[in-house]
Amino acid sequence: MEATLPFKNIHSREYQGHKKKVHSVAWNCSGTKLASGSVDQTARVWHIEPHGHGKVKDIELKGHTDSVDQLCWDPKHADLIATASGDKTVRLWDARSGKCSQQAELSGENINITYKPDGTHVAVGNRDDELTILDVRKFRPIHKRKFSYEVNEIAWNMTGEMFFLTTGNGTVEVLAYPSLRLLDTLMAHTAGCYCIAIDPIGRYFAVGSADSLVSLWDISEMLCVRTFTKLEWPVRTISFNYTGDYVASASEDLFIDISNVRTGRTVHQIPCRAAMNSVEWNPKYNLLAYAGDDKNKYQADEGVFRIFGFESA
C-alpha cells in the first residue's frame with residue numbers, strides 16, 4: 001500500500017430493500033441516482049445525496065419475471081434506465097414514475113447491457129454468446145451476431161467508434177462500430193476475461209480476468225501498460241473513478257481493491273463480507289457503490305448494497 005493514504009473522511013453506508021442478492025449497481029449520468037438490479041426480479045432506483053445521512057427514498061421497477069442481471073442508465077438522460085433480465089426481455093424505464101416505457105423480447109437469457117455513449121444504441125449480451133444492438137428510439141434490434149466463443153462483458157469506447165468484447169479465451173476482441181468488423185484481437189490474459197471498464201478520460205481501458213489480474217491498456221496504442229495484482233480470485237467487476245485516477249476491482253476476495261492507475265499501487269482496500277458482483281464509481285463524486293453475495297446469520301440473501309465515499313487528502 002502507498003505510505004500516505006490519499007483518502008480522508010472515509011464513510012460507508014448500507015442500503016437495504018431487495019429481497020435477494022444484488023447483481024448490478026449503476027449510477028445515472030448526473031451522479032444523483034443509483035439503480036440496483038437483483039435476483040428478486042426487480043430493480044430499484046435510489047436518490048443519493050453525496051453527503052446525506054437522512055432517510056433514502058427508493059422506487060421499485062417491477063415487471064421482469066426473472067433475475068435482473070445488469071442495468072445501465074441513458075448516458076444523456078438522468079431518468080432513463082435500461083435493464084437486462086434472464087426472462088429474455090430488455091426493458092426501458094422512467095426512473096421518476098417507475099413505469100416501463102419500452103420492452104424488447106430477445107432470443108436468450110440476457111446477462112450484459114451497455115449504452116453507446118451518445119445514448120442512441122444499447123448493446124445486449126446473452127448466455128448463448130449472442131450480441132444484439134437495439135436502436136433506443138424504436139427499441140428494436142438493428143444488429144444481431146452470434147459468436148463461436150464465450151463472450152463476457154461488452155463496452156463501447158468514448159467516441160462509440162470501437163466496440164469491445166471480453167472472451168472466455170483470454171482475449172479482448174476490438175470491433176469497429178457500427179460495422180462490427182474485427183479490428184484487433186488482444187491476447188490479454190492466460191484465462192478468461194470477465195469484465196471491462198473504460199477510463200472516463202478516454203486514455204485507458206481495464207480488463208479483469210479469471211487469472212485474478214487486472215490489466216490496464218492504452219486505448220490509442222492497444223498495448224498493456226501495467227497489471228494490478230492484489231486480488232487472488234477471478235476478477236468479477238472493475239470500475240474507474242470519475243477523474244480516471246483510481247480503479248476499483250473485486251472478486252471473491254473479501255476486499256475491494258482501489259489502486260492508483262498511474263502507479264499501479266493499492267491506495268485503499270474496502271473490507272467486504274462476501275464475493276462481490278458489481279462495483280461502480282459515481283460519475284461526479286468519489287463515491288463507490290458495491291454489491292455482492294451478502295448473507296445474514298441464517299444464510300439467507302441480504303439484498304443489500306453499500307456506498308463507500310471519501311475526500312482526497
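Which residue takes a positive phi in the hairpin of strand 7 and strand 8? In that hairpin, which has 3 residues between the strands, the residue is Lys88, with a phi near 75°.

## Basis of the model

This is a predicted model, in which local features need pLDDT of at least 70 and side-chain atom pairs count only at pLDDT 80 or more, while totals for chains, interfaces and linings use all residues. Residues are numbered from 1 along each chain as its sequence is written, and side-chain values use heavy atoms, with hydrogens and water left out.

## Overall form

The protein chain holds 0 helices and 28 strands, where helices (H or I, at least four residues) and strands (E, at least two) are DSSP runs numbered from the N terminus. Its radius of gyration, taken over C-alpha atoms, is 18 Å, close to the 20 Å that the globule rule (2.2 Å times the number of residues to the power 0.38) gives for 313 residues, so the chain is as compact as a globular protein of that length. Along the principal axes, the C-alpha trace spans about 50 × 45 × 35 Å.

Of the 313 residues, 58% count as buried, a term that means under 20% relative accessible area, with exposed over 50% and partly exposed in between (1.4 Å probe, protein chains only). Among contacts (heavy atoms within 4.5 Å) between residues at least 6 apart in sequence, 44% join residues at least 24 apart.

Strand 8 (residues 89-94) is mostly covered, since 6 of its 6 residues are buried. In a regular strand the side chains alternate between the two faces of the sheet. On one side of strand 8 Thr89, Arg91 and Trp93 are buried, and on the other Val90, Leu92 and Asp94 are buried.

Strand 7 (residues 80-85) runs antiparallel to strand 8 and is joined to it by 5 bridges, two strands being paired if DSSP finds at least two bridges between them. Ala84 has Val90 of strand 8 as its bridge partner. Strand 9 (residues 99-105) also runs antiparallel to strand 8, with 6 bridges between them, and Leu92 stands opposite Gln102 there. The hairpin of strand 8 and strand 9 has 4 residues between the strands, and Gly98 in this hairpin takes a positive phi near 80°.

## Aromatic pairs

A search of the whole structure finds 12 aromatic pairs, in which rings of Phe, Tyr and Trp (its six-membered ring) have centres within 6.5 Å; planes under 30 degrees apart count as stacked, over 60 as edge-to-face and the rest as tilted. The rings of Trp46 and Phe305 have centres 5.1 Å apart and planes at 80°, so this pair is edge-to-face. Because Trp46 lies in strand 4 (residues 43-47) and Phe305 in strand 28 (residues 304-312), the pair ties together parts that are 259 residues apart in sequence. Trp46 counts as buried at 3% relative accessibility, as does Phe305 at 0%.

The rings of Trp156 and Tyr177, with centres 5.2 Å apart and planes at 85°, also form an edge-to-face pair. Both Trp156 and Tyr177 are buried. Elsewhere, ring pairs link Tyr246, Trp281, Phe308 and Phe310 into a cluster.
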